[in-house]
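Please read the following report alongside the sequence and the structure, which are shown just below.

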Amino acid sequence: MRVVVTGGAGFIGSNFVLRTLATRPDVQISVLDAMTYAANPATLAPVADRINLVEGSITDPLLVDDMVADADVVVHFAAESHNDNSLRDPSAFVNTNLVGTYTLLEAVRRHRVRLHHISTDEVYGDLELNDPARFTESTPYNPSSPYSSTKAGSDLLVRAWARSFGIEATISNCSNNYGPYQHIEKFIPRQITNVLAGLRPKVYGTGANVRDWIHVDDHNDAVWTIIEHGRIGQTYLIGADGETSNLDVVRMILTELGQPDDAFDFVTDRPGHDLRYAIDSTKLRTELGWTPHYTHFRDGLADTIDWYRTNRDWWENDKSVVENAYAASQEVIRR
């Protein structure tokens with residue numbers, strides 16, 4: 001099978017490439033990545049001789065067409081994905097998430113290539129903290145940030161191309177990922193690396209916001225399950241029942257690293273900060289038989305902490321840049 005992975009040098013995409021090569025040696029992989037700040041070529045260096053790595057944008061129609069023409073399947077991870085960045089400058093999110101997905105869809109349509117589109121649970125908006133409901137495939141879209149709204153738009157483009165032009169596509173909306181190789185601007189690796197660098201973790205607002213965490217390997221195993229067994233035209237939600245408040249996550253990290261669980265700072269809340277995400281993955285589990293390996297969030301978190309502790313060379317050079325960016329965005333400590 002010849003697979004094109006867009007965004008394959010980013011966090012989830014690179015983990016998908018590494019896991020695919022480890023578990024499916026017969027798959028030939030080509031990676032298309034714009035190599036923005038969120039990509040790290042070092043992640044794919046150990047498998048450089050086993051993949052075709054192309055630096056370029058998914059908004060480049062000639063490049064995209066050339067790569068899709070030689071593929072059996074396209075797995076579309078490429079996206080601008082950091083909410084804080086989308087609030088500072090939404091333009092890149094519109095360009096990559098909407099224009100890029102359109103460009104890819106047109107190439108897939110021309111060459112009749114199977115597409116799997118990776119999306120997020122953030123397209124559904126948020127839930128109240130005491131609401132027993134969880135997101136399902138029929139939950140109406142209600143995005144609240146430039147990031148989630150452009151991802152919602154990309155989902156709708158895929159659905160429209162499937163219905164109007166008959167492309168063979170599936171969509172998955174996943175809860176928050178964590179694991180190795182995640183950029184340290186993201187919540188969990190930022191807090192881990194803060195502690196490792198001798199800095200205090202930072203918690204938005206009161207820390208009550210809840211995310212439904214899933215280990216990146218479990219996410220990518222689910223993606224392969226959908227590619228191989230999912231019904232064309234369907235959407236599947238991927239989640240591992242990992243609902244945890246931001247405050248509890250930080251306390252777990254501090255405890256795991258031998259620090260007092262109150263050794264953190266509250267900072268001014270992010271504008272439009274969603275309260276709670278929660279995924280109901282019943283359809284994926286019952287229809288396709290997928291189950292996560294990490295059934296307890298704390299176990300996956302401990303493994304992730306160990307990875308950042310033993311791979312400091314992967315993230316240390318970027319640490320000051322990330323923290324300076326947060327400081328410049330008026331992240332003020334609340335006393």
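Tyr178, Phe187, Trp213 and Phe297 form one aromatic cluster, where rings of Phe, Tyr and Trp (its six-membered ring) are taken to pair if their centres lie within 6.5 Å, with planes under 30 degrees apart counted as stacked, over 60 as edge-to-face and the rest as tilted. This is a predicted model, in which local features need pLDDT of at least 70 and side-chain atom pairs count only at pLDDT 80 or more, while totals for chains, interfaces and linings use all residues. Residues are numbered from 1 along each chain as its sequence is written, and side-chain values use heavy atoms, with hydrogens and water left out.

**Aromatic pairs**

By the ring rule the count comes to 16 aromatic pairs. The rings of Tyr181 and Trp314 have centres 5.9 Å apart and planes at 75 degrees, so this pair is edge-to-face. Because Tyr181 lies in the loop between strand 7 (177-178) and helix 7 (187-196), and Trp314 in helix 12 (residues 312-328), the pair ties together parts that are 133 residues apart in sequence; helices (H or I, at least four residues) and strands (E, at least two) are DSSP runs, numbered from the N terminus. A further edge-to-face pair is formed by Trp307 and Tyr308, at 4.9 Å centre to centre and 80 degrees between the planes.

| Residue | Relative accessible area | Class |
|---|---|---|
| Tyr181 | 21% | partly exposed |
| Trp314 | 16% | buried |
| Trp307 | 14% | buried |
| Tyr308 | 0% | buried |

Two rings also have a charge over them, a term used if NZ of Lys or CZ of Arg is within 6 Å of the ring centre and within 35 degrees of the ring normal. The charged end of Arg109 sits over the ring of Phe165, 3.9 Å from its centre, and Arg190 lies over the face of Tyr326, at 3.7 Å from the ring centre.

**Strand 11 and the cores**

In strand 11 (residues 235-238), Thr235 and Leu237 point one way and Tyr236 and Ile238 the other, and all are buried. Strand 11 runs parallel to strand 6 (residues 169-174), to which four bridges join it; strands pair if DSSP finds at least two bridges between them. Within this pairing, Cys174 stands opposite Ile238.

Ile238 is also one of the residues that touch the most other members in the largest nonpolar core, which has 30 residues. Such a core is a set of buried Ala, Val, Leu, Ile, Met, Phe, Trp, Tyr and Cys residues joined through side-chain atoms within 4.5 Å. Among the elements that give two or more residues to this core are strand 1 (2-6), helix 1 (11-23) and strand 11, while the largest share, five residues, comes from helix 8. Apart from this core lies another, of 29 residues, among them Leu196, Phe264, Val267 and Ile305.

Thr225 is found in helix 8 and is buried, with a relative accessible area of 15%. Leaving out residues up to four places away in sequence, Thr225 touches Gly230, Leu288 and Trp290, contact meaning heavy atoms within 4.5 Å.

Asn97, in helix 5 (residues 91-111), is buried at 1% relative accessibility. Beyond its neighbours within four places in sequence, Asn97 is in contact with residues including Ala79, Glu80, Tyr147 and Ser154.

Definitions and conventions:
Buried < 20%, exposed > 50% of the residue type's maximum accessible area, 1.4 Å probe, protein only.
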